[in-house]
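Subject: Structure handover

Hello,

Here is the structure I said I would pass on. My notes on the strands, the core and the aromatic rings follow it.

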Amino acid sequence: MIKPDLITIWPRAFDYPPFRNFVVKNRDSFNRVIISFTHNSVQYDFRKWLRENHPDWTFIDAGEGHADWYGKAINIALNEVTSPWVLFIEQDFILENGNLQRLLRKTVDKNVAATFFVDVKRDHLAFYLTKKELIDKTSRKFMPSDGMDCFGLFTREMRILLKDLSIITLNKTNNPRYKHLSGLTHNYNLILQDRSELITGREE
């Protein structure tokens, strides 16, 4: 099976032990693990520690002061891709044991064009597995526009490209073997600011 390159956007101020354990446990399922650091106002910095403890991962830095910080982080990660397949995954998306390999086999081995998570409102980059050649046919713009969030334009463009192709969608009805802990980083940030009463995240 062709192994996808994994891409995760990682705020430098935070650590996600369960997610790191997931990647380590499943490292043989990925070609490259590409971590793209972003910056925020929290004065912690795990970049050096992460590099020292995961030397087989590829770390890149989107830098500070960019209005299109998410788009830059995604695109510099995409420029590092060497596999024909890409898996976008967020730290708040938890797969049960064996489910990752099952999804990879169903997608890559059977040449399904894309497998992705759909929450109640939208296609979501919490888990989005597809071909690099399809990604490169989009505008590769990842920023809020027309009332959409930072990946709304990308997923809309992908739906057009995928119109006549085979896809697999993940939701609680057809694939209950995952958890999406929506708002994980935002809520973590609120706790650090002693504003836990504002936590609004939910499991999807």
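Two strands are said to pair if DSSP finds at least two bridges between them. By that rule β4 and β7 are paired: they run in the antiparallel sense and share five bridges. One of the residues involved is Leu87, whose bridge partner in β7 is Leu129. Please keep in mind throughout that this is a predicted model.

Strand β7 also pairs with β6 (residues 114-118), again in the antiparallel sense and over five bridges. Here Thr115 has Leu129 as its bridge partner in β7. β6 and β7 make a hairpin, with four residues between the two strands. As for cover, nine of the nine residues of β7 are buried.

Some overall figures. The protein has 204 residues, and 51% of them count as buried. Seven helices and 10 strands were assigned. If contacts between residues at least 6 apart in sequence are taken, 74% of them join residues at least 24 apart. The accessible surface comes to about 10200 Å², and carbon and sulfur atoms account for 51% of that area.

In soluble globular proteins, nonpolar side chains tend to be buried together. In this model the largest nonpolar core has 33 residues, and those that touch the most other members are Trp10, Val23, Ile89, Phe93, Leu95, Leu100 and Phe127. Two or more residues each come from β1 (5-11), α1 (17-25), β2 (33-38), β4 (85-89), β5 (93-95), α4 (99-109), β7 (123-131) and β8 (167-170). The element that gives the most is α4, with four residues. Another core lies apart from this one; it has 26 residues, including Ala77, Val81, Val86 and Leu162.

Which residues does Phe127 contact, leaving aside its neighbours within four places in sequence? They are Leu87, Phe88, Ile89, Phe93, Leu95, Leu100, Leu103, Thr115, Phe116, Phe117 and Leu170. Phe127 itself is buried, with a relative accessible area of 0%.

Last, the aromatic rings. A search of the whole structure gives 12 aromatic pairs. One of them is Phe19 with Phe22, a tilted pair at 6.2 Å centre to centre and with 35° between the planes. Both residues belong to helix α1 and sit three residues apart, about one turn of the helix. Phe19 and Phe22 are both buried.

Phe93 and Phe127 form a pair as well: the ring centres are 5.5 Å apart and the planes are at 35°, so the pair is tilted. This pair links distant parts of the chain, with Phe93 in strand β5 and Phe127 in strand β7, 34 residues apart. Why does Phe93 count as buried? Its relative accessibility is 1%, and buried means under 20%. There is also an aromatic cluster made up of Phe88, Phe116, Tyr128, Phe142 and Phe154.

Regards

Note on methods: Residues numbered from 1 in each chain as written. Predicted model: local features only at pLDDT ≥ 70, side-chain atom pairs only at ≥ 80, totals over all residues. Heavy atoms only, no water. Core = buried A, V, L, I, M, F, W, Y, C linked by side-chain atoms within 4.5 Å. Buried < 20%, exposed > 50% of the residue type's maximum accessible area, 1.4 Å probe, protein only. Contact = heavy atoms within 4.5 Å. Areas by Shrake-Rupley, 256 points an atom, 1.4 Å probe, with all protein chains shown as cover. Phe/Tyr/Trp six-rings, centres within 6.5 Å; stacked < 30°, edge-to-face > 60°.
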